[in-house]
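Good morning, and thank you for the time.

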Amino acid sequence: MTTNILFAAKAERWTTYEQPLTKSLTDTGINFDLRTEFAPEEVDYIVYAPNSEVQDFTPYTRLRAVLNLWAGVEDVVGNETLKVPLTRMVDHGLTQGMIEWVMGHTLRYHLGIDGHIHGQDGLWRNEAPPLAQDRKVTVLGLGALGAAVAQALAGLGFDVTGWSRSAKEIDSVRCENGPEGLRAALSEAEIVVLLLPNTPATENTLNAETLALMPRGACIINPGRGPLIDDDALLAALDSGQIAHATLDVFRIEPLPAEHPYWAHPKVTVTPHIASETRASTASQVIAENIRRDLDGEPLLHVVDRSLGY
């Protein structure tokens, strides 16, 4: 029997994914038909980008699972027409890209690299940075990406605290949870990395109150989601010196409008949502393996718990 797989995403995604996904599915031995168009009642699996034209899953009466191309699922979990399992993308390439990006910007702040790049004024300042073990870094969000980043930072020697809404345990990372845990995690954080999902409960996690908890002169790195930060509160904290600098990769509106104050602010680094990107070659292997597992009666990997909202 042929397994019908609908690729539901923008046309440019199909151009990128057609060959690697076809190869990965072939390598699993699945008898499949992969297309961008099917009669809905003929579809077994949907490889899915939340910004695709498929928004109503009701006609897909034979559907077994939706396999998300993105790590973020907040634009899908609330869809009441989706009655089958939804999996998030957990891909080695995406994870490694995030680790590298966060590590680079953490080391930039830790080592004071900007001071050397922009401070070539002829003065010899013989001031060495502290060792990583003496630098406190907090990672907000301990899902697949957050946990991997926290462990990588700890592996380099940083004093790492992680925070999540529910209790977690991660080797070499001090884990906090809940409202009081958030206060504790921020109170000593010299560098904060945001990798929380975007949900009503996480919106404005960094606001005037929580920014004030951080040590004066702390730095923020946000490759997670734009709404995690109250923009006005962050700009005020930057202007007052409470926050020394912020590197922001994600925003409430993307592309970030040219008139947005972040672009011109001397204490903000804007990057254009490049912290981590799903790599078609490795993501295709993840998708193909999950379909094989389901067809063979094995549990799907990385199934989203929609009761939690993410």
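Predicted model: local features only at pLDDT ≥ 70, side-chain atom pairs only at ≥ 80, totals over all residues.

Seven strands form an open sheet, and their order is S8-S7-S6-S9-S10-S11-S12, with parallel pairing. Which strands stand at the edges? They are strand S8, residues 174–177, and strand S12, residues 268–270. Each has a single partner strand, so one side of each is left without a neighbour in the sheet. From one strand to the next, the twist averages 15°.

As an example of the pairing, consider strand S10, residues 218–222, and strand S11, residues 243–248. These two pair in the parallel sense over five bridges. Within S11, isoleucine 243 is the bridge partner of alanine 218. In general terms, the strands of a sheet pair through backbone hydrogen bonds, in either a parallel or an antiparallel manner.

A helix also packs on this sheet: H4, residues 144–155, touches strand S6 (136–140) and strand S7 (159–164). The direction of H4 makes about 170° with that of S6.

I turn now to the helix pair. Two packed helices are described by the angle between their axes and the distance between the axes. For helix H1, residues 11–28, and helix H9, residues 280–295, the angle is about 40° and the axes are 8 Å apart. H1 and H9 are therefore oblique to each other, and their crossing is right-handed.

Which residues meet at this contact? From H1 there are Thr16, Tyr17, Pro20, Leu21, Ser24, Leu25 and Thr28. From H9 there are Ala280, Ser281, Ala283, Ser284, Gln285, Ile287, Ala288, Ile291 and Arg292. The residues of this contact divide into nine nonpolar, six polar and one charged.

One member deserves a separate word, namely serine 24, found in helix H1. Is serine 24 buried or exposed? Its relative accessibility is 8%, so serine 24 counts as buried. Leaving aside residues up to four places away in sequence, serine 24 touches Ser281, Ser284, Gln285 and Ala288.

Finally, aspartate 305 lies in the segment after H9. Aspartate 305 counts as partly exposed because its relative accessibility is 38%. Aspartate 305 and leucine 69 are 236 residues apart along the chain, and their C-alpha atoms are separated by 17 Å.

That concludes the presentation, and I welcome your questions.

Definitions and conventions:
Residues numbered from 1 in each chain as written. Heavy atoms only, no water. Pairing = 2+ DSSP bridges. Helix = DSSP H or I, 4+ residues; strand = E, 2+ residues; numbered from the N terminus. Axes fitted to C-alpha atoms, helices over the stretch in contact; angles between N-to-C directions. Contact = heavy atoms within 4.5 Å. Parallel < 35°, antiparallel > 145°, perpendicular 65-115°, else oblique. Left-handed = near helix turned anticlockwise from the far one by under 90°. Nonpolar A, V, L, I, M, F, W, Y, C, P; charged D, E, K, R; others polar. Buried < 20%, exposed > 50% of the residue type's maximum accessible area, 1.4 Å probe, protein only.
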